[in-house]
Amino acid sequence: MSGEYAGVDATPDAETESPLELRDVVKAYESGAETVRALKGVDFAVERGEFVSVIGPSGSGKSTMLNMLGLLDSPTSGEVLLDGVDAATYDDEQRTDARREYVGFVFQQFYLIDALTAVENVTLPTVYQRDRGAPARARNLLRRVGLGDRLEHRPTQLSGGQKQRVAIARSLINEPAVVLADEPTGNLDQETGTAVLEEFAAVCDEGVAVVTVTHDPLVNEFADRVVELVDGVIRDVR
Amino acid sequence: MSGEGDAPGDGPPDADDSAAGPGLLERFPAVLMARRNLSRNRLRSGLAALGIVIGVLAIATLGIFGNVLQLSATSELGGIGNQVIVSPNEDTGRETLSPRDVAAVERIAEGRGEAVPLVTGSAVVTGPNGQTFAQLYGLDRPRALFEARSGRLPEYHRQGALVGRSVAERLDLQPGTAVEIEGQRLRVIAVLAETDDITPIQPDSAVVLPRESFAQDAPSQVVVQADSGEDASYVASTVRERLNAREPRVSVFELSSILDRINEFFGLLNGFLVALGAVSLVVAGVAIFNVMLMSTTERRGEIGVLRAVGVQKGDVLRTLVVEATLLGLLGGLGGVLLTCLAVGALYQFTPLGLDVVLHPSNATYLVVAFAFGVFISLASGLYPAYRAANEEPVDALRD
């Protein structure tokens, strides 16, 4: 909050501080001659251990909002706060570090690397970190999501649900404060989708915040809170 | 299971990652990742490396072959570079050198080689087995110019005959036999060895006699066997300068300057050949550029994921540059190996000597070709790597 730089590893001194917060975030794109405003002043915050589902029609700016939360994109105006620190002060290297240490990503298309085994995929965020404990942590995480017998399998040998659980394990490898998931059940049938959502719920129980962006009404059953994004503005649904 | 226990602290009961040990690769993750990425598409990596193989092979073989050509030519021509032959100027009508001129040449050559005054003539030589026509050389110190095939060359030549190899064969002469030349009976002391050198003094079909045995013993030429090519050109130019200052009294024949020209020519030829090889290597570089561009475009999403989950730009860049460099190292190694085979074949199928084929200067071409191959690959990888590393992850993941 003060001008002082808080590293991404800084332990939050106030439990009330939101790990991730958007304040009056506006995002405008130049599209040809006209300017398209995808987000029109979004205020949003998650608490530790909270499962928030963001819903809304396609083109409402859901993915843009998730990119803002994940430091993959910068707002045109407004603030993205990590533990109360404005991410606008970060350079590219610090943003990258923050994505690795603070945020976990889960994508609709899983984005696993086919040439790597499950364990190697999970340790992917750490490969350049000389993190010798990572393979052991990866194995533990994979066991936790029920893939203890698939450790050395490659993504092509796994089902969709198993792939997404590998992706969840990957998002947790650096013990993040927040996991961001873009349509995590989009490519899964109802049954495996439920299993994946149960994993998210378990993640929340450990104090990690989960934010999903989805069309899938099933997600809302697991979420603590549902917000709707319509025309670039947030509205609480539940 | 936890017996090995090299995992730090909180290691769960599980054997450590056994595939890639905690060695060098763990310390250089970019190398590990690059190797992994290359082995994912072996055919494409192989083809890209093949381009470098051919380029390195072209540079190295062309360079070495040219160098071998030059080396064997200069070793063949080596002797002539050191000889200076001073004879009377034909325009003056004289056929012999004056004692003053001979003394002058001897003075100039002092410390730089040996000056041997030479009387020449020709005569019919009669041996036990018939007779033949032979060139006659009269000189005092045969060791300066010739070597013996059998028998011994005297330090100072006072008596007897030294016969060339073909004369000896025709007349069946050996050291000890007697020959008759223009009424004189002479004992053969030695048979001369053939020379590989290109020189106007050909002992093969000649008979070498003491100078005194010639009726007219004024030398028709002075042969200076210099210690080195530089000495030879010094002697030649000084003789020209001193003896021909006022009028051209003598003509000086020396090949060291021609040898320089020949060397210059071979240098040029070599440069040309290597440049030819370099062109093929540059073409190989374009192939690597293309492969790297293709594979980074193909892996765009994957690189986007890496960036999204917290891999730094610099690490992506480094990995991709290492990929290109590994291709270069691989190709360069292959090229060097094939070049060694080609040089082996050159030795096997040509009469070239081992000393020329294994001359240390050939290694320079190997090293230069290898280094150039690696450099070209690295340079070709830079732009694709830069482009891929700098793409915003959102853009890469959007589609």
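**Reading pairing, packing and chain contact in a predicted model**

Trainee: Which residue is the bridge partner of L81(A) in strand 5 of chain A?

Mentor: The partner in strand 5 of chain A is D86(A). This is a predicted model, in which local features need pLDDT of at least 70 and side-chain atom pairs count only at pLDDT 80 or more, while totals for chains, interfaces and linings use all residues. Residues are numbered from 1 along each chain as its sequence is written, and chains are lettered from A and ligands numbered from 1 in the order in which they are written. Strands of a sheet pair through backbone hydrogen bonds, either parallel or antiparallel. Here, two strands pair if DSSP finds at least two bridges between them. Strand 4 (residues 77-82) and strand 5 of chain A are joined by two bridges and run antiparallel. Strands (E, at least two residues) and helices (H or I, at least four) are DSSP runs, numbered from the N terminus.

Trainee: What is the order of the four strands in the open sheet with antiparallel pairing in chain A?

Mentor: The order is 2-1-4-5 in chain A. Strand 2 (34-46) and strand 5 (85-86) of chain A are the edge strands, each pairing on one side only. Helix 1 (residues 62-69) of chain A lies across strand 1 (20-31), strand 2 and strand 4 of chain A, and runs at about 125 degrees to strand 1. Such angles run from 0 to 180 degrees between N-to-C directions, and axes are lines fitted to C-alpha atoms, for helices over the stretch in contact.

Trainee: Which strands stand at the edges of the mixed sheet in chain A?

Mentor: That open sheet has six strands in the order 6-7-8-3-9-10, with mixed pairing. Strand 6 (103-106) and strand 10 (233-236) of chain A each have a single partner strand, so one side of each is left without a neighbour in the sheet. On average, neighbouring strands of this sheet are turned by 20 degrees against each other, direction ignored.

Trainee: How many bridges join strand 2 of chain B to strand 3 of chain B?

Mentor: Nine bridges join strand 2 to strand 3 (residues 130-138) of chain B, and the two run antiparallel. A hairpin connects these strands of chain B through two residues. V124(B) has F133(B) of strand 3 as its bridge partner. Strand 2 (residues 113-127) of chain B is also joined by six bridges to strand 9 (residues 221-226) of chain B, again antiparallel, with P117(B) opposite V222(B).

Trainee: At what angle do helix 7 of chain B and helix 11 of chain B pack?

Mentor: Helix 7 (residues 256-298) and helix 11 (residues 360-389) of chain B pack at about 30 degrees, with their axes 8 Å apart. Helix 7 of chain B is therefore roughly parallel to helix 11 of chain B. Angles under 35 degrees count as roughly parallel, over 145 as roughly antiparallel, 65 to 115 as roughly perpendicular and the rest as oblique. The crossing is right-handed, that is, the near helix is turned clockwise from the far one by less than a right angle (left-handed if anticlockwise). Contact residues include L281(B) and I288(B) of helix 7 and F372(B) and I376(B) of helix 11 of chain B. By class, the residues of this contact are twelve nonpolar, six polar and one charged. Ala, Val, Leu, Ile, Met, Phe, Trp, Tyr, Cys and Pro count as nonpolar, Asp, Glu, Lys and Arg as charged, and the others, Gly among them, as polar.

Trainee: How far apart are the axes of helix 4 of chain B and helix 6 of chain B?

Mentor: The axes of helix 4 (residues 99-109) and helix 6 (residues 229-243) of chain B are 10 Å apart, at an angle of about 140 degrees. These two helices of chain B are therefore oblique to each other. Their crossing is right-handed. Among the contact residues are V105(B) and I108(B) of helix 4 and V235(B) and V239(B) of helix 6 of chain B. The contact has seven nonpolar, one polar and two charged residues.

Trainee: How many residues of chain B are in contact with chain A?

Mentor: There are 25 residues of chain B in contact with 25 residues of chain A; a contact requires C-beta atoms, placed from the backbone, to lie within 7 Å. Helix 8 (300-308) of chain B is one of the helices that supply at least two residues to this side of chain B, and helix 8 gives the most, with five. The side of chain B that touches chain A has 13 nonpolar, four polar and eight charged residues.

Definitions and conventions. Two residues are in contact if their C-beta atoms, placed from the backbone, lie within 7 Å.
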